[in-house]
Amino acid sequence: MYTELIMIIMGISLILYMILGGADFGAGIIELFIGDKSNSTVSRAMAPVWEANHMWLIIAVVILFNGFPKAYVILSTNLHIPVLLFLIAIIMRGTAFTFRHYDAYHDKSEKIYSTIFRYSSLLAVFFMGITISAFFSGTIPSDTSGTFTEQYIYTWFNWFAVSVGVFLVTISAYIAGIFLLGEVETEEGYNSIRKFIMWIFGLSIISGASIFISSFVSDLQFHKLFLSHPISIAAGVIASLIAPYIYKLIKAKKIWTMRIVVGAQMVLIMIGWFIIQWPNLVVFSDGTKLSMYDASGPVATMKVLFFSLAIGVVVIFPSLYYLFRLFKSEDNLS
Amino acid sequence: MEDLMAARLQMAISLGWHIIFACIGMAMPFLMAFAEWKWMKTKDQVYLDLAKSWSKGVAIFFAVGAVSGTLLSFELGLLWPTFMEHAGPIFGMPFSMEGTAFFVEAIALGVFLYGWDKISPLAHWISGLIVGISGVMSGIFVVAANAWMNSPAGFDFVDGKYINIDPIAAMFNDAWFTQATHMTFAAFASTGFAVAGVHAIMLLRGKKIRFHKEALKIALIFGSIAAFAMPITGDLAAKDVAKRQPAKLAAMEAHYHTSKNAPLIIGGIPNDETQEVDYAIEIPGGLSFLAHGDFDAEVIGLDQIPEDERPPVIVVHFAFQIMVGLGTLMMLIGFIYFFMRWRKWDYINNKWWLRILALATPIGFIALEAGWTVTEVGRQPWIIYKVMRTKDALTAMPGIQYSLLTIVLVYSILTLAVIWLMHRQIKSIHEKYNT
């Protein structure tokens with residue numbers, strides 16, 4: 001029972017990371033495309049909360065190596081290269097954002113910080129998507145007999161993985177766009193982000209389609225898994241069908257309704273993903289699977305881990321609520 | 001370069017780098033909260049300025065510490081997957097607790113940095129205190145996990161299998177308390193001296209403003225008190241090492257031959273060929289006394305350790321000497337400081353005193369790195385003491401030297417960037433005070 005409960009907590013951490021961390025990464029991507037206009041909005045809106053938004057990743061990785069060490073080992077060996085690239089991008093963007101925000105002077109250096117922050121935000125999400133894709137693409141060999149490229153390169157260097165990477169980039173930028181709509185102070189700023197959202201949403205549909213096409217063409221596991229799970233299909237369909245409603249909300253400037261609906265849309269996408277995975281953590285190239293039961297640590301570990309996480313939940317959620325209420329309550333476009 | 005060496009170097013650089021930021025993140029919030037408290041009591045603007053400037057330092061160091069820590073949480077697997085596969089379920093508990101503490105730290109820091117005019121002064125001050133407390137807790141949890149590698153507990157190792165796992169017993173292993181207390185005080189000592197040193201440099205450069213003087217006083221109080229605690233916590237740690245890891249103690253002291261009434265060796269160059277230490281000062285019976293509290297106690301030498309289980313003596317011995325030497329120096333400086341305060345001497349305007357403090361800026365951190373070198377290199381060739389060898393934990397992926405190169409490059413750039421940024425922070429303070 002603890003194994004399932006811990007997996008659900010990890011799922012919740014990942015959903016929160018997707019939404020909160022995604023908004024943070026996406027803010028960098030938005031800056032990359034619409035430039036300095038959005039710079040001050042991003043800094044003001046993100047600065048108090050951005051550190052906390054990235055803690056979900058730490059929680060997820062700790063759960064992984066503590067509770068599911070075999071999956072953590074696959075992540076860190078077969079996907080060594082994209083994980084390292086992801087981490088370097090995380091370091092670059094985090095420090096560049098902090099430097100930009102806290103540098104005592106605002107001079108030419110700000111341009112360098114901004115450039116690093118923007119590109120590494122995009123690369124971080126891209127490599128994260130590439131890494132995640134390998135868990136359900138069926139590109140990881142189930143044994144260690146393969147060549148270097150089979151073991152460490154083709155696991156993540158393929159059309160499918162790139163599609164997932166791009167999809168995650170567009171989704172992050174989309175989440176950030178929706179969030180920043182409520183933070184901009186001018187009509188002009190609102191409109192430029194609104195246009196960006198339309199544009200990036202189109203791109204997410206294209207990359208989403210590319211995920212399916214590449215899975216078919218390369219005969220990977222993803223589309224088979226997806227099509228055999230009706231709830232995932234339903235989640236995907238509903239998430240797509242509420243798009244016109246969101247469009248209306250954006251036009252009507254209904255900030256909080258829009259944020260909640262988009263949040264729900266992301267939860268649907270994530271649940272759709274979790275359902276095709278459950279109870280498996282990794283789908284191998286030969287179709288065999290590493291389930292959470294195969295990967296989990298001994299019962300004593302799972303029990304202790306669950307209670308540590310439960311303490312964490314009791315401490316973290318109220319503090320987080322306080323933080324968000326303190327800095328987000330008075331924000332409203334009207 | 002061999003993959004094993006590259007992986008060890010990469011781990012050493014990543015850890016060594018992160019430790020500096022982590023320690024500042026543990027100690028500096030207390031300096032900042034102390035300054036704010038003085039401001040609340042005296043309403044003296046200079047303390048508010050101090051609290052605010054230091055909080056910017058905390059923000060920068062915390063962010064860099066957080067991202068370099070994120071790297072580490074993955075790097076353990078990137079470099080040592082076999083270790084993590086087996087150790088993860090056993091020693092993971094302090095990491096999951098650390099996750100919570102770290103989360104709270106990030107939240108409290110957000111409140112402190114941006115909540116100046118949103119919450120009451122008392123609530124604001126408390127948020128600063130929470131930053132510090134949760135930072136120290138994070139540190140203690142991570143050190144407890146490291147202590148487990150030195151003092152494996154909470155499982156039975158039978159026929160190559162790890163059974164009867166008890167994560168709570170693993171967390172409260174024999175080494176966690178001594179290592180964690182020694183490290184926590186080390187964080188305050190090194191940060192206190194570094195901060196005091198930076199402000200001393202500014203005073204020497206003719207920026208004779210009260211801002212730097214008050215800053216120096218506060219930082220040195222923290223640094224000195226912590227420096228006094230170092231030999232006490234260090235002695236406990238050493239006694240514990242003597243009991244559990246005789247090989248490490250023998251390497252620290254370059255103690256080649258098992259003997260009773262073993263001398264304490266100060267300085268000297270260990271010679272692995274002749275199994276002697278050249279040019280050393282010896283204090284008869286000193287090692288026996290320090291290790292076991294008895295001048296005649298037998299201290300196990302390297303001769304009783306199988307050859308393939310001996311740590312590199314020269315590295316460990318030198319690192320230990322550096323740590324102890326610099327620690328003693330810091331204690332001496334702290335003693336002089338409190339003496340001068342007691343006699344009400346005008347030390348703050350004394351050039352020589354400021355020069356000493358300026359020179360002492362990095363010594364706390366050098367001692368800290370040396371101390372970690374003793375802990376980590378002294379455990380070799382084991383990654384889990386007496387259970388798993390470091391070489392057996394290494395990843396199967398070849399070409400680690402490229403990832404080493406990347407990390408070295410990234411961290412070199414970041415080091416320069418942080419120094420430059422701090423330089424600009426200080427410059428802006430001087431512009432504010434027109435000096």
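What percentage of the contacts in chain A between residues at least 6 apart in sequence join residues at least 24 apart? In this predicted model, the share is 79%, with contact taken as heavy atoms within 4.5 Å. Chain A has 16 helices and two strands; these are DSSP runs (H or I, at least four residues, for helices; E, at least two, for strands), numbered from the N terminus.

The C-alpha trace of chain A spans about 55 × 45 × 40 Å along its principal axes. A compact globule of 334 residues would have a radius of gyration near 20 Å, and chain A agrees, with 20 Å. The radius is taken over C-alpha atoms, and the globule rule is 2.2 Å times the number of residues to the power 0.38. Of the 334 residues, 61% count as buried, that is, under 20% relative accessible area (1.4 Å probe, protein chains only). The accessible surface of chain A is about 13200 Å² (Shrake-Rupley method, 1.4 Å probe). Carbon and sulfur atoms hold 71% of that surface.

In chain B, helices H10 (residues 313-342) and H12 (residues 363-377) pack at about 145°, their axes 8 Å apart. Axes are lines fitted to C-alpha atoms over the stretch in contact, and angles run from 0 to 180 degrees between N-to-C directions. H10(B) contributes residues including B:Phe320, B:Met323 and B:Leu326, and H12(B) residues including B:Ile366, B:Ala370 and B:Val374. The contact residues divide into 15 nonpolar, three polar and no charged. Ala, Val, Leu, Ile, Met, Phe, Trp, Tyr, Cys and Pro count as nonpolar, Asp, Glu, Lys and Arg as charged, and the others, Gly among them, as polar.

Residues are numbered from 1 along each chain as its sequence is written, and chains are lettered from A and ligands numbered from 1 in the order in which they are written. Local features need pLDDT of at least 70 and side-chain atom pairs pLDDT 80 or more, while totals for chains, interfaces and linings use all residues; side-chain values use heavy atoms, without hydrogens and water.

Note on methods. Buried means under 20% relative accessible area, exposed over 50%, partly exposed in between (1.4 Å probe, protein chains only).
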